[in-house]
Structures are given as structure tokens and as C-alpha cells.
Amino acid sequence: MSKFKKGGKRGIPAVNTSALPDIIFMLLFFFMVATTMKEVEMKVEIEKPIANQATPIEDKDNVDFIYIGYPIDAAEGTEPRIQLDDRLAPDVTSVGDWKKSKVRAGKRVLDIVTSLKVDKSVGMRIVSDVKEELRDVDALKINYSADISK
Amino acid sequence: MARRDVGEINAGSMADIAFLLLIFFLVTTTMEVDAGIGRQLPVKLDINLPPPPPVNERNVLKILANKNDQLLVEESFVRMEDLYDIVMKFYTVNKGGERDINMPLYEPITKEKCRAEITKLQADLVKSPDNTSLPGEIAKWEEKSALIDVVGVYSEIHKSAVIQLKNQAGTSYGLYMEVQNILKQVVNELRVIECEKHDFPDYYTLREDRPEDMVYINMLRILVPERILESKIEN
């Protein structure tokens with residue numbers, strides 16, 4: 001008889017899980033720091049162009065986004081459309097008023113950058129029209145959104 | 001008096017709470033960074049202004065992205081791969097002296113020239129105090145004069161040297177951005193060279209929202225100007 005053999009049930013001891021919350025917290029903090037909230041619900045589909053000279057937008061609070069792409073909802077047609085905040089604009093002329101309505105307290109329209117997020121297969125006509133509208137309301141700082149690499 | 005033992009708080013559900021938060025952030029977030037190429041649109045001009053004086057052909061680099069997504073420079077077809085060299089040549093070929101008469105010339109800027117220009121402009125301002133563009137012109141020459149104090153006498157590309165970028169209604173935005181990207185790349189690379197030459201901080205670390213960086217950015221804008229003229233879209 002082996003002296004090590006003991007009577008009774010022999011179970012595998014439970015894994016110590018007391019460090020689990022710490023690990024999860026670490027993950028949590030990583031995601032909290034590394035991520036940004038989705039700005040809006042997308043109503044248009046956008047495949048951004050690639051531009052290796054693009055630089056990250058630093059001051060995200062002072063940026064307005066204009067989305068131009070093909071509508072996801074088939075009922076809206078197949079022509080490229082402009083999305084302002086979370087709805088589709090009826091036509092390009094509403095861009096100016098929308099931009100003016102977005103001015104922050106203590107800032108001029110000129111101070112707020114307008115980021116154009118445009119699908120790469122959209123024709124330049126609509127982009128050019130939007131730029132003209134922005135010029136009309138003195139929103140001269142624009143940013144052509146692009147992915148830095150694939 | 002007997003010490004009452006405070007029982008340990010059960011932290012077993014802590015992980016669950018943290019998990020819940022973690023999943024919330026996982027779902028509501030997007031990892032993409034917003035990046036892009038910044039540009040400034042030209043100010044809306046008064047229709048009644050007199051037309052600008054004609055510009056010498058050699059000072060304009062005409063780039064056209066047509067509706068079939070083809071690229072034309074000075075009215076002849078070019079490949080996208082060649083555009084970089086063309087734009088680079090436009091900027092640099094005459095920098096060290098006159099080499100190509102069909103490209104914009106460079107002109108040395110000296111203290112004397114700045115002084116002469118400022119005196120002349122101030123005299124003009126006295127004659128026509130209503131002219132709104134003169135004070136800006138004077139400020140520009142004063143900036144150039146200040147730049148000489150930092151980098152010494154430098155040569156500057158012709159003041160009307162400009163890249164004209166034309167599109168047609170059917171041009172795809174992707175092609176337009178490829179062109180914009182190359183224009184940006186050339187200017188960035190030239191500015192990096194200037195930064196190294198004059199012991200400025202690293203170009204890519206300069207930020208427009210820091211006043212101490214703006215000093216360098218303004219100097220680089222004079223040394224390597226980025227003048228893009230976007231003509232009205234054609235059908």
C-alpha cells in the first residue's frame with residue numbers, strides 16, 4: 001500500500017480566478033482609450049480612397065462630416081447622395097444652411113473644418129457642388145477623407 | 001471591546017460587470033482613425049473685381065483628370081506613375097539656376113528687395129487707402145524679410161507659379177484624390193528637405209494648433225508654396 005494514497009475524493013483544485021477582473025479591466029481600458037464612438041448611422045455606402053499622404057485629424061470636436069456615397073436603402077435610388085448628420089439631404093443646396101447651423105458657440109464657420117467622406121467611385125460633379133456651397137458660407141477649411149493604407 | 005470583523009466583500013461579480021462594460025465598448029466603437037488631406041478653398045471673390053493680369057504659360061502646370069478617368073498634363077496623356085516626376089520637376093528644375101525655360105523661374109529674395117517692395121507698397125497705400133489687398137501684400141513682404149533673418153537669402157518660385165487642377169463631371173473622386181495625394185507628397189517632401197536644411201523641427205510633428213509650430217509652418221509655406229487652382233468643373 002502506498003503511503004501517498006489517501007482515501008476520499010480527489011478533485012482537480014479550482015483555478016484561481018481572482019485575477020480575472022484585473023485582466024478584463026485591462027482590456028476594457030484599452031478599448032475605452034483606443035476607440036471612438038460611431039458618429040452617425042450610415043445611410044450611404046462609402047469606400048474611401050487611399051492616400052498615403054493623409055494625416056490623422058487631430059481636433060475631432062471642431063470637425064463636421066459630410067458623407068457622399070450611394071444610398072444603402074434601394075428606395076432612395078442609385079444616384080450618389082449627400083448625407084448630413086443622420087439623414088440624406090434632398091439636394092446640394094441644403095449643405096450651406098446645415099453648415100451654418102452647426103457653428104459652435106464662440107467660433108466662426110471658418111474655424112470649423114469640414115471633412116468630406118466620399119466614395120471613390122462617385123463623380124466629381126457632386127463633390128464640386130458641395131465645395132461651392134461651402135465656399136458660399138465661408139467654410140473654407142476642408143479635409144478630403146482617405147485611408148492612409150489598405 | 002471586541003473588534004467586529006468586517007466581512008470580505010464578495011468580488012465575484014466584478015468580472016461580470018467589467019465584461020458587460022467591455023462588451024458595450026466593443027459594440028459601440030469603431031477602430032478606424034479619421035485621416036485625410038487638408039485643403040483650403042479659395043475665398044469667394046467679388047464679381048466686380050478687374051480680371052487678373054495674364055499669367056505666363058510656363059508658370060502654370062495644367063493637370064486635367066477627364067471624364068474617362070484619364071490624366072492629361074499640358075493637354076497630353078500621362079500615366080499616374082509619371083505625375084510625381086512631372087510635379088517635382090515643375091517645383092525644382094529651376095531652383096538652382098535657369099535650366100528649363102518652360103518651367104517657373106526662381107528669384108533670390110534679399111533684404112534689399114523686401115525693403116524696396118515694402119516702401120513701394122506703402123507709397124501705394126498712401127495714394128489709395130481704400131485698396132484692401134495692399135496691407136496683406138505688405139505683411140507678406142515683412143514675413144519674407146523675417147524669414148531671411150532665420151534662413152538667410154533664399155530663392156523663391158515665381159509668385160504666379162500655380163498648379164491648375166481641372167476635373168470633369170464624370171471624373172471619379174478616386175482619381176481626383178490620387179492626384180491630390182501626389183501634389184501633397186511633392187510639397188511634403190520638399191518641405192521636409194527645407195526643414196533638414198534649416199534645422200527646423202521634424203516636419204511631420206508640426207501642428208497647426210500650436211503657435212510655436214505655426215512660426216515654422218508659415219516659413220515653410222513661403223519656402224515651398226502650395227498653390228493649387230481648381231477651375232470650375234466641366235461637363
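Predicted model: local features only at pLDDT ≥ 70, side-chain atom pairs only at ≥ 80, totals over all residues.
Reader: Hi! Let's start with the contact between the chains. How many residues does it take from chain A and from chain B?
Author: Happy to! The contact takes 47 residues from chain A and 41 residues from chain B.

Reader: Which elements of chain A supply at least two residues of the side that touches chain B?
Author: They are helix H1 (20-34), strand S1 (36-37), strand S3 (55-56), strand S7 (113-118), H3 and strand S8 (141-145) of chain A.

Reader: And how do the residues on that side divide into nonpolar, polar and charged?
Author: For the side of chain A that touches chain B, the division is 24 nonpolar, 11 polar and 12 charged.

Reader: Let me zoom in on the helices. At what angle do H1(A) and H1 of chain B pack?
Author: The angle is about 20 degrees, and the axes of H1(A) and H1(B) (residues 14-28) are 9 Å apart. Angles under 35 degrees count as roughly parallel, so H1(A) is roughly parallel to H1(B).

Reader: Nice. Is the crossing left-handed or right-handed?
Author: H1(A) passes H1(B) in a left-handed crossing.

Reader: Which residues meet there?
Author: From H1(A) you have A:Leu20, A:Pro21, A:Ile24, A:Phe25, A:Leu27, A:Leu28, A:Phe31 and A:Met32. They meet B:Met14, B:Ala15, B:Ala18, B:Phe19, B:Leu21, B:Leu22, B:Phe25 and B:Leu26 in H1(B). By class, that contact of H1(A) with H1(B) has 16 nonpolar residues, no polar and no charged.

Reader: Why do residues three or four places apart point the same way in a helix?
Author: An α-helix has 3.6 residues a turn, so residues with that spacing point the same way.

Reader: Good. Now strands between the chains: how many bridges join S8(A) to S2 of chain B?
Author: Five bridges join S8(A) to S2(B), which covers residues 35-40, and the two run antiparallel. Within that pairing, A:Ser145 stands opposite B:Gly36, and A:Asn143 stands opposite B:Gly38.

Reader: What about S3(A) and S2(B), parallel or antiparallel?
Author: S3(A) and S2(B) pair in the antiparallel sense, over two bridges. There, A:Thr55 stands opposite B:Gly36. B:Gly36 is also the residue opposite A:Ser145.

Reader: Changing topic: inside chain A, how do H2 and H3 cross?
Author: Helix H2 (residues 94-101) and helix H3 (residues 124-136) of chain A have axes that come within 8 Å and cross at roughly 45 degrees. H2(A) and H3(A) are therefore oblique to each other. Their crossing is right-handed.

Reader: Who's touching whom in that one?
Author: A:Val95, A:Gly96 and A:Lys99 in H2(A) meet A:Val130, A:Glu133, A:Leu134 and A:Asp136 in H3(A). The classes there are three nonpolar, one polar and three charged.

Reader: Staying in chain A, which strands does S4 pair with?
Author: Strand S4 (residues 63-71) of chain A pairs with strand S2 (residues 44-45) of chain A in the antiparallel sense over two bridges, with A:Glu45 bridged to A:Tyr70. S4(A) and S7(A) pair in the parallel sense over six bridges, and A:Asp64 has A:Thr114 as its bridge partner. S4(A) also pairs with strand S5 (residues 81-84) of chain A, antiparallel and over four bridges. In that pairing A:Ile68 is bridged to A:Ile82.

Reader: Over to chain B. What is the order of the strands in its open sheet of five?
Author: The order is S5-S4-S3-S8-S9 (chain B), with mixed pairing. Strand S5 (76-78) and strand S9 (228-230) are the edge strands, each pairing on one side only. On average, neighbouring strands of the sheet are turned by 30 degrees against each other, direction ignored.

Reader: How do S4(B) and S5(B) pair?
Author: Strand S4 (residues 71-73) of chain B and S5(B) are antiparallel, with three bridges. B:Leu72 stands opposite B:Phe77 in S5(B).

Reader: Which helix packs on the sheet?
Author: Helix H5 (residues 173-197) of chain B does, touching strand S3 (60-65), strand S8 (162-167) and S9 of chain B. The direction of H5(B) makes about 155 degrees with that of S3(B).

Reader: Last one: what span should H5(B) have at 1.5 Å a residue?
Author: The 25 residues of H5(B) should span 36 Å, and the end C-alpha atoms are 36 Å apart, which agrees. H5(B) is followed by B:Asp199, whose phi is positive, near 60 degrees.

Terms used. Residues numbered from 1 in each chain as written. Chains lettered and ligands numbered in written order. Axes fitted to C-alpha atoms, helices over the stretch in contact; angles between N-to-C directions. Parallel < 35°, antiparallel > 145°, perpendicular 65-115°, else oblique. Left-handed = near helix turned anticlockwise from the far one by under 90°. Contact = placed C-beta atoms within 7 Å. Nonpolar A, V, L, I, M, F, W, Y, C, P; charged D, E, K, R; others polar. Pairing = 2+ DSSP bridges. Expected span 1.5 Å × (residues − 1).
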